[in-house]
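The following exercises concern one structure and are each followed by a worked solution. Please examine the sequence and the model before reading the solutions.

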Amino acid sequence: MIDLKNVSRVYQVGSGKVYALNKVTLHIDEGEFVSVIGPSGSGKSTLMNIIGCLDIADSGIYLLDGIPIEDYSESELAKIRKRKIGFVFQSFNLINKLTAMENVELPLIYQGVGKSERKTHVAEALERVNLTKWADHLPTELSGGQQQRVAIARAIVTRPSLILGDEPTGNLDSKTTDEIMGIFRELHDQGNTIILITHDREIAEQASRIVNIRDGKLSEVGA
Amino acid sequence: MIQSLKMALKSIAGNKFRSFLTMLGIIIGVMALVILVSLVSGATGSVTDSIAGLGSNLLTVTVSDDKGAPVTLHTLNEWMEEDGIGLIAPSGEISATARYEGNSDTVTVYGTTPAYETINGLSLLLGRFIKSSDVDNHTNVAVINETAATELIGYTDCLGEEVSIDGVKYTVVGLLEDDEDSLTAVFGRGSIVAYIPYTSLMRLSSETSSAITSFSVSAETDMATAETAMTSLLMERFDQDDDAFTISTRDELEDAMSSVTSNLTILLGSIAGISLVVGGIGIMNIMLVTVTERTREIGIRKAIGASRRVILQQFLMESVVLSMLGCLIGVFLSWAMLRIISVVVSSLSMSFSLEWNVVLIAVGFCFVIGIVFGLYPANKAAKMAPIDALHYGG
């Protein structure tokens with residue numbers, strides 16, 4: 001479902017050019033659980049931004065579900081993000097003024113889903129991450145692990161084709177990390193496509209396939 | 001739409017003090033607009049009511065150039081016989097000093113004939129008005145108003161008292177009711193007035209001669225006929241020169257009043273409008289701060305699927321809601337303020353109420369301000385690149 005061919009992303013730094021991604025080619029099938037591992041500055045965040053349609057490649061072809069992305073305008077990209085992709089970020093990125101339930105509801109509002117339908121979807125998603133009891137709490141009243149579970153609920157509530165995790169456990173202790181990874185594995189077992197970006201080998205190894213990234217170049221591990 | 005309204009209200013409520021300060025500019029602007037305009041139109045209303053209360057049943061003729069054919073008392077008597085014309089009374093007017101025992105005061109002295117009483121609808125409390133014989137014999141009699149009696153003489157039962165006007169003694173023969181609705185009452189409340197025979201005024205003042213320069217005319221049937229008849233008489237007398245005289249009616253006076261007050265309204269309205277614009281700039285300023293503060297939130301919203309349009313709508317809604325809320329508060333405070341003013345000045349028999357058309361203008365203006373000054377910040381928010389926004393400030 002994801003097809004990257006010779007994708008490059010170049011940043012202008014001073015007078016020189018830095019290749020954050022250098023002719024990356026990657027294919028990910030539906031239902032795969034892939035982790036992308038690399039040290040900081042390796043280009044893994046750029047890769048995730050491009051896969052997540054937050055950023056556009058300078059050259060190369062990116063097909064998401066067979067649709068070429070680079071021709072799209074910003075508003076079309078916003079549509080793709082809201083229909084096909086669920087994000088989970090390292091720093092949770094919840095909106096602090098909204099309760100857990102409202103945070104989870106937000107993508108559905110942007111999709112224009114009706115109120116009663118929203119309620120059922122939100123309840124399902126919160127149930128799935130075991131947070132039903134905390135639905136009415138603000139993010140600031142929740143622990144890091146709970147916040148990240150809210151973020152996961154928000155990512156899965158729209159039933160996206162792809163769940164993208166950008167160091168989702170980077171800010172968590174080992175016990176909560178296990179908890180969150182457990183949820184990701186469960187989601188994978190239920191047939192979701194998951195891409196996890198991390199610099200932690202232990203985490204990466206929980207995925208069914210590991211891709212290495214270094215200096216903007218990809219290499220498969222144990223393929 | 002409803003969702004973005006909810007979000008806007010939430011965000012405003014989440015920062016109450018700042019929202020209030022932001023709205024303050026709009027509140028003050030709206031209050032200035034609504035209160036000032038309502039005050040002007042309230043005052044105008046009471047003045048024009050007074051003018052209308054006089055009835056438009058008299059013409060005032062002023063002669064500026066008599067072309068060697070002066071209008072005399074005799075002429076006026078002839079003209080009174082003409083068709084369409086009712087009564088005619090000359091009105092010479094001077095300002096003089098009146099003395100009674102130790103008191104002295106400035107008095108407006110009118111020299112006229114008996115017809116004046118009927119034409120101007122004066123009402124006597126005591127005694128009589130000027131009679132034809134007074135005019136014929138230029139007797140020194142005066143009819144004074146209540147204010148003159150109380151201010152100058154000290155009591156109202158003053159018939160037979162002798163008052164000196166510019167050194168000449170006049171016997172008071174009549175007392176007039178202070179006319180609340182008269183034109184002089186409207187413009188100069190409580191002025192001291194004395195009426196004396198026209199011929200006596202000719203002797204008293206060098207400014208007044210047998211050539212009458214100003215007189216009032218009542219209609220036999222209707223004003224239009226009277227005006228036509230009077231015009232043709234005057235044209236005939238003054239060699240068809242319509243610059244030699246002017247005929248004015250109450251209608252013209254009302255027109256003049258309303259043009260003065262509508263100019264005043266526009267002037268005050270535009271000053272208040274400027275303060276509203278200043279309030280709008282305040283909103284824009286705060287919205288820009290808000291957009292910067294919430295850069296990260298904008299990034300999150302974009303990442304989970306908000307389009308540019310949605311973000312634009314959200315921030316635009318916030319500025320419009322801020323502005324409209326300020327407007328509502330401003331209108332409410334204006335209403336309260338006008339009620340208080342009305343109570344305070346109730347003795348002046350003026351009533352001030354909220355002018356609904358001004359309120360509508362204020363509401364419309366605030367809406368436009370909310371949109372115009374919200375557009376730039378909202379657009380700035382909408383155009384943010386999602387990754388830059390997400391990584392803003394950590």
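Patches are made of residues with over 30% relative accessible area and no salt bridge, with like charges joined within 9 Å and nonpolar side chains (Val, Leu, Ile, Met, Phe, Trp, Tyr) within 5 Å. Accessible areas come from the Shrake-Rupley method with a 1.4 Å probe, and for residues only the protein chains shown count as cover; a salt bridge is a side-chain nitrogen of Lys or Arg within 4 Å of a carboxyl oxygen of Asp or Glu. The model is predicted: local features need pLDDT of at least 70, side-chain atom pairs count only at pLDDT 80 or more, and totals for chains, interfaces and linings use all residues. Residues are numbered from 1 along each chain as its sequence is written, chains are lettered from A in the order in which they are written, and side-chain values use heavy atoms, without hydrogens and water.

**Exercise 1.** Identify the residues that make the nonpolar surface patch of about 540 Å².

Step 1. The patch consists of Leu325(B), Leu328(B), Ile329(B), Phe332(B), Leu333(B) and Trp335(B).
Step 2. Leu333(B) belongs to helix H12 (residues 308–344) of chain B; helices (H or I, at least four residues) and strands (E, at least two) are DSSP runs numbered from the N terminus.
Step 3. Leu333(B) counts as partly exposed because its relative accessibility is 34%, between buried (under 20%) and exposed (over 50%; 1.4 Å probe, protein chains only).

**Exercise 2.** Determine the strand order of the open sheet of 4 strands in chain B.

Step 1. The order is S2-S10-S1-S11, with antiparallel pairing; two strands pair if DSSP finds at least two bridges between them.
Step 2. Strands S2 (85–90) and S11 (245–249) of chain B stand at the edges, each with a single partner strand, so one side of each lacks a neighbour in the sheet.
Step 3. Strand S1 (residues 58–63) of chain B is joined to S11(B) by 5 bridges, and Leu59(B) has Thr249(B) as its bridge partner in S11(B).
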